[in-house]
Amino acid sequence: MRTLHEATLDAFLPLARMQELVGSSHAAYLSARPFPHLVFDDFFDPTLLDEVLGEFPRPGAIRWQRFDNEREIKLASAAEASFGPVTRLLLYHLNSITFLEFLSQVTGIANLIPDPSFEGGGLHQIVRGGKLGVHADFNKHRAYGLDRRLNLLLYLNKEWRQEYGGHLQLWDREMTRCEARVAPLFNRVMIFGTTDFTYHGHPDPLSCPEGMTRKSLALYYFTNGRPAEEVTGEHSTLFRARDAADFRTTARQRLRRLASDLLPPILARRLRRLA
């Protein structure tokens, strides 16, 4: 673990790399299809991310927020108590004014505001068979009323093979085709703008080996106001099916719902934990 004298700004942020990217990335961000995005490989010091990965809690190690329905099967935690000490410091640096100014320069979105509560973000983990349906993100912060403008995903998956799946798919506005796929490789950072039409997800069940998971850190950035053409009204997550078979429930999900209807609440809760 890093000692206090090692917790300098450039120990957590790749300042020289960031300076290089400022001049070259803005045009690439704007021209990316199907919507503005950037992918930076080998962005951080790999020894730093080794420490973050070493702290990452296993599926049963903390009280994860569990999602298990026809649209998404995943684990998430925005609780600071669930972050290891190096992870916590990294997340703080990614919410710092130094990093916010970098994000504004490469995206052109001025006056970005971080979210110290990590609503919807923080630690994300997907087990074998898990998925996240194609969707557009919630567009207002519940507590602050700010406009969600930008996502940052940092992937932590070593030796990730193509056949495991889990690629983030970027779909066109009409949901007619996937125009880009981003593999969740270790030390890969993805940044993309969020509007009501930036459809993305990894909707196919993961095929990684048992005991292996898809791990990432997620941070969202906001502004006070936004262009009116980017939104259709305030909303939570908007899921979009690729086809009629996309959001079918599994046998396990149907059984759990039946048990929830028939069993006393205390037994239904216990069954959910076991599932």
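User: How many salt bridges does the count come to?
Analyst: This is a predicted model, so to speak of a local feature needs pLDDT of at least 70, side-chain atom pairs count only at pLDDT 80 or more, and totals for chains, interfaces and linings use all residues. Residues are numbered from 1 along each chain as its sequence is written, and side-chain values use heavy atoms, leaving out hydrogens and water. For a salt bridge, a side-chain nitrogen of Lys or Arg has to be within 4 Å of a carboxyl oxygen of Asp or Glu. By this rule the count is 15.

User: How many residues apart are R148 and D137?
Analyst: The side chains of these two, R148 and D137, meet in a salt bridge at 3.4 Å, N to O. R148 belongs to strand β6 (residues 147-155), while D137 is in the loop between β5 (131-136) and β6. (Helices, H or I with at least four residues, and strands, E with at least two, are DSSP runs numbered from the N terminus.) The pair links distant parts of the chain, and the separation is 11 residues.

User: Are α2 and α5 roughly parallel or roughly antiparallel?
Analyst: Their axes come within 6 Å and cross at roughly 30°; axes are lines fitted to C-alpha atoms, for helices over the stretch in contact, with angles from 0 to 180 degrees between N-to-C directions. Angles under 35 degrees count as roughly parallel, over 145 as roughly antiparallel, 65 to 115 as roughly perpendicular and the rest as oblique. α2 and α5 are therefore roughly parallel.

User: Which α4 residues do L48, L49, E51, V52 and E55 of α3 meet?
Analyst: Helix α3 (residues 46-55) and helix α4 (residues 85-94) have axes that come within 8 Å and cross at roughly 120°. That makes α3 oblique to α4. Contact means heavy atoms within 4.5 Å, and the α4 partners are P85, V86, T87 and L90.

User: Which residue in β8 stands opposite L168?
Analyst: Strand β7 (residues 168-171) and strand β8 (residues 178-182) run antiparallel, joined by 4 bridges; strands pair if DSSP finds at least two bridges between them. Their hairpin has 6 residues between the strands, and M175 there takes a positive phi near 55°. Opposite L168 stands V182.

User: What is omega for the cis peptide bond that joins R33 and P34?
Analyst: Most peptide bonds are trans. Here, though, a cis bond joins R33 and P34, with P34 in the loop between α2 (15-31) and β1 (37-41). Omega is about 10°.

User: What is the phi of N111?
Analyst: N111 is found in the loop between α5 (97-107) and β4 (122-126). N111 is not a glycine, yet its phi is positive, at about 60°.
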